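Thanks for coming, everyone. I have one structure to walk through today, so please take a look at it first.

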Amino acid sequence: VAALTAVPAGRIADRFGPPRMITMGLLGMTAGAFTLSMLPTILGIPGYIAPIVVITASYALFQTANNTNVMTDVSPDQRGAISGMLNLSRNLGLITGASVMGAVFALASATTDITTARPEAVASGMRMTFSVAAALLVVALAIAAGAYRRTLRNQKLVP
């Protein structure tokens, strides 16, 4: 999904502007995470696949727009350093997020050995993990909305 959506995401971000597409990407990821926290047990395998597709496509849109937004005003002599910092921050976020979400899953599934866990325990762990992810994405949306509003205010587009 990421490979198929990367180029269209870049074109969409270029056409509609990074701030809007950052928000749209975060909204899509939030919707996908919320859906994963609620529907999979009702809908089975398609209940997992569809939200994962939404999350992945939305992440591609978010990343493309975010990278464009960060790199837009960087002077040519600083692009390498800023790009390196952007990649470092993304990798640190991915590693930290995977570790924290793994811990949330382990706590929510309430088992010491996931290989012998009951399906209900695994489902409970998944629901809690994606609920936490959705909550964190709501916080990210609030931060993005505040930044977007400040940008508009600085451009005198919003009173």
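Let's start with burial. Of the 159 residues in the protein chain, 28% count as buried. Keep in mind that this is a predicted model. The accessible surface of the chain comes to about 9900 Å². Carbon and sulfur atoms hold 69% of that area.

Now the fold. The chain has six helices and zero strands. Reading from the N terminus, the order is α-α-α-α-α-α. Along the principal axes, the C-alpha atoms fill a box of roughly 55 × 35 × 30 Å. What share of the contacts with a separation of 6 or more comes from residues 24 or more positions apart? That share is 65%.

Next, the inside. The largest nonpolar core has 16 residues. Which of them touch the most other members? Ile-22 and Leu-26 do. Four helices each supply at least two residues of this core: H1 (2-16), H2 (18-38), H4 (45-71) and H6 (119-154).

Stay with Ile-22 for a moment. Set aside its neighbours within four places in sequence. Ile-22 is then in contact with Phe-62, Ala-65, Asn-66, Asn-69 and Ala-144.

Ile-22 is one of the buried residues of H2.

A quick check on the length of H2. It has 21 residues, and at 1.5 Å a residue it should span 30 Å. The C-alpha atoms at its ends are 30 Å apart, so the two values agree.

On to helix H1. Ile-12 lies there. Is Ile-12 buried or partly exposed? Its relative accessibility is 34%, so it counts as partly exposed. Beyond four places in sequence, Ile-12 is in contact with Gly-17, Met-21 and Leu-61. Take Leu-61. It sits 49 residues from Ile-12 along the chain, yet their C-alpha atoms are separated by 8.0 Å.

Now helix H6. Thr-129 has its place there. The relative accessible area of Thr-129 is 9%, and the cut-off for buried is under 20%, so Thr-129 is buried. What does Thr-129 touch, not counting residues up to four places away? The answer is Met-101, Val-104 and Phe-105.

Let's move to the surface. Five residues form a nonpolar patch there: Phe-34, Met-38, Leu-39, Ile-42 and Leu-43. Together they have about 500 Å² of accessible area. H2 and helix H3 (40-43) each supply at least two residues of the patch. Ile-42 belongs to H3. Its relative accessible area is 63%, and exposed means over 50%, so Ile-42 is exposed.

Last, charge pairs. How many salt bridges are there? The count comes to one. The side chains of Arg-118 and Glu-120 meet in it, at 3.4 Å from N to O. Arg-118 has 55% relative accessibility, so it counts as exposed. Glu-120 has a relative accessible area of 48%, so it is partly exposed.

That's the tour. Questions, please.

Definitions and conventions
Residues numbered from 1 in each chain as written. Predicted model: local features only at pLDDT ≥ 70, side-chain atom pairs only at ≥ 80, totals over all residues. Heavy atoms only, no water. Core = buried A, V, L, I, M, F, W, Y, C linked by side-chain atoms within 4.5 Å. Buried < 20%, exposed > 50% of the residue type's maximum accessible area, 1.4 Å probe, protein only. Contact = heavy atoms within 4.5 Å. Patch = residues over 30% accessible without salt bridge, like charges linked within 9 Å, V, L, I, M, F, W, Y side chains within 5 Å. Areas by Shrake-Rupley, 256 points an atom, 1.4 Å probe, with all protein chains shown as cover. Salt bridge = Lys/Arg side-chain N within 4 Å of Asp/Glu carboxyl O. Expected span 1.5 Å × (residues − 1).
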